[in-house]
Amino acid sequence: MAPSEHFPSIPDETFFSWLHRQSIFSETFQYPLYMLLDDFERCSRSESFDRDFDFGSAFAKVALSRLSLHVDDCTALFWTSAWLLPQYNRQAFCWECLREHIRTVYYPCYLISWCNVVRTHCSIHSSLLREHPRSDQLSLNLGLGAFMDYCANKGQYERDELHKIFSSKPIAGYCLRMASQMEIESHEHNAQNLSTRKTYKLLMQIMLFPSYGIINTILKRKRQVQRTSNIWQSLAYAPICSSTTDRALALLLVGIASRFFNNSEVFEIINVLVGSQYLDVRFHDQKTLGSACNVFDYETANEISMAIYCLCLDKTGANIEEFLAGFMGRSKRRQEK
């Protein structure tokens, strides 16, 4: 019996969210999910365990056996996401979606698209995804945890001015377009698309470089001394530990750097960002953006420049010549000093 016949999932629902609803509403589920907590906690101690996408885990096997389901059934229904947020930072949600879940399936579900690094906006409601603080008490169902947190702190959520800015129609549209483009490149397997995807990913990592990268400058955060000597680990870690607002801003900058947006769109994006008292934008085109993104010492910047340059040699579809000129130009000026 397929999962959809056994107990229907809603479109885009994660495996664990569906399983949690099974344990509450399905008559064929022998006992509530909390009775599988020992298996869940044992699997949670494994670094490779992902409750939303690891259908072959010991926990999933025990849970599915209670439903007489096979792993293949779930693999077909609950597809994976191309660039996942880690478990500890999987806290984004759309309030409108949760409210609709309550009206239709009587329980707030958690969606696969909210687990994706580049999915910063709801594709249905076009608003910036909100974030709730993780809590052990909310660990069984993230959708329910997010719903409860929003209900308890609605006033605080509504005072978030950056959320309003990034939920505005033009900004949300640009972020959704850039995210869709990056996901398309991820699912295409020819050499050019692979190179373009790597370019987009590296650009996003540069934008989100922790402590003193351009995102922190724009958001007026206090700069801190970088604590790790491994620059590539820091770059890889940056997007998956960033907030939804950070990643949305990075998507806009990647689109500008790669000329994915045309000149009039770049002008509109910059005007919206510059018009906010909460943001400090100090670039006006691809070249000045490249220069502003180079916050590294000469040797590190040279390594990153070479990585970008090599991707360009692979005939990437991203047009980043001007960005690269600004990025490398700042390194040369520093060397001359």
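Helix α14 passes helix α15 in a left-handed crossing, a term used when the near helix is turned anticlockwise from the far one by less than a right angle, right-handed being the clockwise case. Helices here (H or I, at least four residues) and strands (E, at least two) are DSSP runs, numbered from the N terminus. Two packed helices are described by the angle between their axes and the distance between the axes. For α14 and α15 the angle is about 145 degrees, and the axes are 11 Å apart. These axes are lines fitted to C-alpha atoms, for helices over the stretch in contact, and the angles run from 0 to 180 degrees between N-to-C directions.

From α14, the residues Leu249, Leu252 and Ile256 meet Val266, Ile269, Ile270 and Leu273 of α15, where contact means heavy atoms within 4.5 Å. By class, this contact has seven nonpolar residues, no polar and no charged ones. In that count, Ala, Val, Leu, Ile, Met, Phe, Trp, Tyr, Cys and Pro are nonpolar, Asp, Glu, Lys and Arg are charged, and the others, Gly among them, are polar.

Residues are numbered from 1 along each chain as its sequence is written, and side-chain values use heavy atoms, with hydrogens and water left out.

The pLDDT is the predictor's confidence in each residue, from 0 to 100. Its mean over the protein is 84, and 85% of the residues reach 70 or more. Where pLDDT is low, the predicted coordinates should not be read in detail.

Overall, the protein has 18 helices and two strands. Of its 337 residues, 52% count as buried; buried means under 20% relative accessible area, exposed over 50%, and partly exposed in between (1.4 Å probe, protein chains only). Among contacts with a separation of 6 or more, 73% come from residues 24 or more positions apart.

Let me return to the loop between α14 (244-257) and α15 (263-274), where serine 258 is placed. Why does serine 258 count as buried? Its relative accessibility is 3%, so serine 258 falls in that class. Leaving out residues up to four places away in sequence, serine 258 touches Met178, Tyr200, Leu203, Ala318, Asn319 and Ile320.

Another serine, residue 195, is found in helix α11 (residues 191-207) and is buried because its relative accessibility is 4%. The side chain of serine 195 reaches the backbone oxygen of leucine 311 at 3.1 Å. A polar contact here is a pair of N or O atoms within 3.5 Å; within protein, one must be able to donate a hydrogen and the other to accept it, and residues adjacent in sequence count only if both atoms are side-chain atoms.

In helix α7 (residues 142-152), the buried residues are Leu142, Gly143, Gly145, Ala146, Phe147, Asp149 and Tyr150. Their cover includes β1 (92-93), α6 (95-104), β2 (130-131) and α8 (154-158).

Next, isoleucine 240 has its place in helix α13 (residues 231-240), and at a relative accessible area of 19% it is buried. What does isoleucine 240 touch, residues up to four places away in sequence not being counted? The partners are Trp83, Leu84, Leu85, Pro86, Tyr88, Asn89 and Val117. Isoleucine 240 and asparagine 89 are 151 residues apart in sequence, with a C-alpha to C-alpha distance of 7.3 Å.

Finally, the loop between α6 and β2 holds tyrosine 106 and also serine 126. Phi is positive in tyrosine 106, near 65 degrees, and in serine 126, near 60 degrees; neither residue is glycine. Tyrosine 106 is exposed, at 61% relative accessibility, whereas serine 126 is partly exposed, at 32%.

Conventions:
This is a predicted model: local features need pLDDT of at least 70, side-chain atom pairs count only at pLDDT 80 or more; totals for chains, interfaces and linings use all residues.
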